[in-house]
Amino acid sequence: MTALLEVKNLKTYFKKKKVNIPAVDGVDLKINKGETVALVGESGSGKSITSLSIMRLIPSPPGEIVDGEILFDGKDIVKLTENDMCKIRGNDISMIFQEPMTSLNPVLTIGEQIIEVLMYHQKMSKSTARNRAIEMLELVGFSRAKALIDDYPHRLSGGMRQRVMIAIAMSCNPKLLIADEPTTALDVTIQAQILDLMKDLSKKSDTSILIITHDLGVVSEVADRVVVMYCGQVVEEASVDDLFDEPLHPYTTGLMGSIPSLDGDVERLYSIEGTVPPPEHFPVGCRFAPRCPHAFDRCRNEDPSLITIKGSRSVRCFLHGDKEATL
Amino acid sequence: MVSYIFRRTLMAIPLLLGITILSFAIIKAAPGGPVAMLMDPKMKASDREKFEEKYGLNDPVYVQYFKWLGNMAKGDFGESLIKRGTPVSELILNRLPNTLLLMTVSFLLAVLIAIPIGIYSAMRPYSPLDYTFTVGSFLGVATPNFWFGLILIMFFSVTLGWFPTGGVATLNAPFSLWDRIHHLILPALVLATADLAALTRYTRSSMLDVLKQDYIRTAKSKGFKEKKVVIKHGIRNGMIPIITLFGLMLPSFIGGAAITEKVFAWPGLGQLFIDSAFQRDYPVIMALTVISAVFVVIGNLLADILYAIFDPRIEY
């Protein structure tokens, strides 16, 4: 399989009062063609900043990609000019966001918000673009697309707006769709519909998906591969089956343990103790050590590196590094 | 929409009546009267009474009010007490075009300069140019119109001689467009500065707010360049709060220019208003008050209609 997107040692820092805050600190990420990769982590782990870095939409100042490469289709998009990046955004890479209620422009019709992308990237005429927009709306499940196209977003519910966002994002047949917590703001029945829709569309158009979420239920449903982030770093990467069968990193284990199970008779829900430290106070050594039940002296002094295990998965933890070495 | 406008217009009637009652009461409560302004102090008391009798100034205030109201309902604003024999409507109509011209030009000037500056400031907040505009607009708000006008007259008219010191046109000269513009520049500039400064600040803060919204991020993620994002997705949203300001500015078209008109000897309604107030020329004062009140109502109505045009979420 060839890689569509390869992020290498990405570092996105924010400057705050002359201090550099490492929101994303050396992330490696690979997405193959047609693959769905889930980026998982708690709030503040740097997953959204990673996705915005790929879109080159980091608010700058104060944010800046200080190091690393983002190879998309073999081109390093970190080095692209803003003009060239504009040709990729919305066309080759498009994005949907967490807040469907506020992500659409309230003063433009739904149709206009799809048509403008098509006219801009695909150089379609207004009438061709309009027909294509109706097609897209039907594709994302609106039965009366022709009437809807001249309506304004405030008439739609959150789930419907997210469908419109998907229609916008998919209208140019992007190679990569980045979905930043696309279902977090929606209720559960709608979540499933939206996820199915995304899976469906990506299969039809061979689009790769990078889905950002903290919901492992979503991960198990859509992802082929999972990348777990903690404190701006990747701590574990594995196929979805491997990860759910045998999580290696204590953080991943903790995340899994926090899912309430249907058959278990548990009084209290398990939670990882403590909170994610803010980027300006990342601990020395392993960043998870202060919250880790298995931490030993080495974890608090030395920074573990991401090591490959069993050829296909990798983890950033001394527990496994040593095991592998002794085996 | 049409029924909404109709309902709003009906609702304006009691409002306007209330305004006339209040202003009538207040102006009558002020000491002095037109007779004191006009009469020779040596004049006999009987003559004075005759005058007051003739113009109904001795009637009880409510009788005077209803008489005035009845006439106004027929479209008759009465005669000026000071310039006897001149109908109030004639006085006003003579000056209305001057004021409207001055106000429209200065308003357009303010809007055309303020909105681009405000938008730029919002796009590059805390940049050196933004700070410059900020300081400039605070100066603009803080500078009193009459002082700024006098300084401009001193510098550009007296010292440099580039512009006339006042008036709408050169006296006794045939009409010439250039002459009119020449006379208009300084007073329009002075009037524009205050509005300009306030509008710049409002536009900046409104646009700053809009540019942080999620749909702007969506527009960026579509690959549009900054300019297109701001123009297509930002401005229309950013203008919605500014519409309120436009609605509030409209009534000032009638009386707002009083001081500037005085400084530049601009024969407009503002000057007329000040003069009549000092001379207790009741019919003129009341007529101008009613017109201003009507403008307030129209301004609010226009703002509400514009809201509905700019913001599809609003329906009437």
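## Where the two domains of chain B meet

Across the interface of domain 1 and domain 2 of chain B, one salt bridge is found. This is a predicted model, and in it the side chains that pair up are those of B:Arg8 and B:Asp304, with 2.2 Å from N to O. As for the bounds, domain 1 of chain B covers residues 2–73, while domain 2 covers 97–310.

How many residues of each domain are in contact? On the domain 1 side of chain B there are 22, and they touch 15 residues of domain 2. Between them the two domains bury about 1600 Å², with 78% of that area on carbon and sulfur atoms. The C-alpha centres of these two domains of chain B are 33 Å apart.

## The make-up of chain B

Let us step back to the whole chain. Along the principal axes, the C-alpha atoms of chain B fill a box of roughly 85 × 55 × 35 Å.

## A pocket that both domains share

The second largest pocket brings us back to the two domains of chain B, since its lining draws at least three residues from each of domain 1 (2–73) and domain 2 (97–310). This pocket holds about 410 Å³ of space. Its lining has 18 residues, and those nearest the centre are B:Tyr55, B:Trp68, B:Asn71, B:Leu81 and B:Pro283.

Three helices of chain B each give two or more residues to this lining: H1 (2–29), H4 (61–73) and H14 (282–310). Which of the elements gives the most to the lining of the second largest pocket? It is H4(B), with four residues. Sorted by class, the lining of the second largest pocket has nine nonpolar, five charged and four polar residues.

## Where chain B meets chain A

Now to the partner chain. Here 21 residues of chain B are in contact with 27 residues of chain A. The size of an interface is often given as the accessible area lost when the parts come together. For chain B and chain A that buried area is about 2200 Å², and carbon and sulfur atoms give 56% of it. On the chain B side, B:Arg217, B:Ser221 and B:Lys222 lose the most area to chain A, together making up 26% of what that side buries.

Between chain B and chain A the count is four salt bridges. One salt bridge joins A:Glu116 to B:Lys222, where the closest N and O atoms are 2.6 Å apart.

## The largest pocket

Residues of both chains are found around the centre of the largest pocket: of its 31 lining residues, A:Ile58, A:Pro59, A:Ser60, A:Pro61 and B:Lys220 lie nearest that point. Strand E4 (63–72) of chain A gives two or more residues to the lining, as do helices H5 (88–123), H8 (177–211), H9 and H10 (226–249) of chain B. The largest share, four residues, comes from H9(B).

The volume of the largest pocket is about 1200 Å³. By class, its lining has 16 nonpolar, eleven charged and four polar residues.

## Enclosed spaces

How many cavities of 30 Å³ or more are there? The count is three. The largest cavity holds about 70 Å³ of space. It is lined by 14 residues, and the closest to its centre are A:Pro250, A:Cys286, A:Cys292, A:Cys299 and A:Cys317. Eleven residues of that lining are nonpolar, two are polar and one is charged.

The second largest cavity, of about 60 Å³, has residues of both chains in its lining, including A:Met95, A:Val117, A:Ile168, B:Thr218, B:Ser221 and B:Lys222. Two or more lining residues come from each of strand E6 (93–96) and helix H6 (158–170) of chain A and helix H9 (214–221) of chain B. H6(A) gives the most, with three residues. By class, the lining of the second largest cavity has five nonpolar, four polar and one charged residues.

Key. Residues numbered from 1 in each chain as written. Chains lettered and ligands numbered in written order. Predicted model: local features only at pLDDT ≥ 70, side-chain atom pairs only at ≥ 80, totals over all residues. Heavy atoms only, no water. 1 Å grid on protein atoms, 1.4 Å probe; cavity = no way out; pocket = protein on both sides within 12 Å on 5 of 7 lines; lining within 4 Å. Points joined across faces, edges and corners; volume = space filled by probe spheres on them. Nonpolar A, V, L, I, M, F, W, Y, C, P; charged D, E, K, R; others polar. Domains from an automatic or database assignment. Contact = heavy atoms within 4.5 Å. Buried area = accessible area lost by both parts, 1.4 Å probe.
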